[in-house]
Amino acid sequence: MKIEALEYKAKNGETVIMRSGKETDGEQLRKLAWQAYGETRFLSKEQDEFTLTAEQETAWILRMLHEPRAILLMAELNGEVVGDAMMHPVAESSRQRHRCQAGITVLEPHWGKGIGKGLFALLIAAAKEAGYTQMELEVVAENERAVALY
């Protein structure tokens, strides 16, 4: 799935471009993940445990782009990717086709700007369009911002 790029006004008035991921985003996605793992304890890995290369990220992006019921979204501010969101099927069996897995990352300097809220709204719209009726995600209970968003 893909969306047309759109402008989103952050709470501080900055314009954030929200768009589908592209094949050329591998290095930016790698940098985003590496930075995010170093900024917060709310993610599943320590920064030094994140070992994916730009090529591996690009391969993952291509899989997401070719999956008709999956989406990868990027939040860009002044040409820099500051957040991402993804959604993909949990499974394709008839009893699980209604379920999708979702995740959102926003770099810490951009927390509180509404970027996660904008990405989440786009994920919900994409999930409905794809026919999902159940969206699943994991959250650390102490991550009060994420708990409030979800």
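Me: How many bridges join strand β2 (residues 15-20) to β3, and in which sense do the two run?

Reply: A word on the source: this is a predicted model, in which local features need pLDDT of at least 70, side-chain atom pairs count only at pLDDT 80 or more, and totals for chains, interfaces and linings use all residues. Residues are numbered from 1 along each chain as its sequence is written, and side-chain values use heavy atoms, with hydrogens and water left out. Two strands pair if DSSP finds at least two bridges between them. Here, β2 and β3 are joined by four bridges and run antiparallel. In that pairing, L73 of β3 has S20 opposite.

Me: Where does a parallel pairing occur?

Reply: Strand β6 (residues 134-136) pairs with β5 in the parallel sense, over three bridges. Q101 and its bridge partner E136 in β6 belong to this pairing. At the other end of the numbering, strand β1 (residues 6-9) pairs with β2 in the antiparallel sense over four bridges, and L6 has M18 as its bridge partner in β2.

Me: How many residues of β3 are buried?

Reply: Buried means under 20% relative accessible area, exposed means over 50%, and partly exposed is in between (1.4 Å probe, protein chains only). In strand β3 (residues 71-77), seven of the seven residues are buried, so the strand is largely enclosed by the rest of the structure. I71, L73, A75 and L77 point one way, while L72, M74 and E76 point the other way, and all are buried. For the protein as a whole, 41% of the 150 residues count as buried.

Me: Is G83 buried or exposed, and which residues does G83 touch?

Reply: G83 lies in strand β4 (residues 80-89) and has 0% relative accessibility, so it counts as buried. A contact means heavy atoms within 4.5 Å. Leaving out residues up to four places away in sequence, G83 touches L32, L73, M74, A75, T105, V106 and L119. On the scale of the protein, 58% of contacts between residues at least 6 apart in sequence join residues at least 24 apart.

Me: Which residues does E67 touch, not counting those up to four places away in sequence?

Reply: E67 is in the loop between α2 (54-66) and β3. Its contacts on that count are M1, P89 and E92. E67 and M1 are 66 residues apart in sequence, but their C-alpha atoms are 7.0 Å apart in space. With 25% relative accessibility, E67 counts as partly exposed.

Me: What is the phi of N78, in the turn of the β3 and β4 hairpin?

Reply: Most residues other than glycine have a negative phi. N78 is not a glycine, yet it has a positive phi of about 50 degrees. The hairpin of β3 and β4 has two residues between the strands. At 73% relative accessibility, N78 counts as exposed.

Me: Which residue takes a positive phi in the hairpin of β1 and β2?

Reply: G13 does, with a phi near 95 degrees, in a hairpin that has five residues between the strands.
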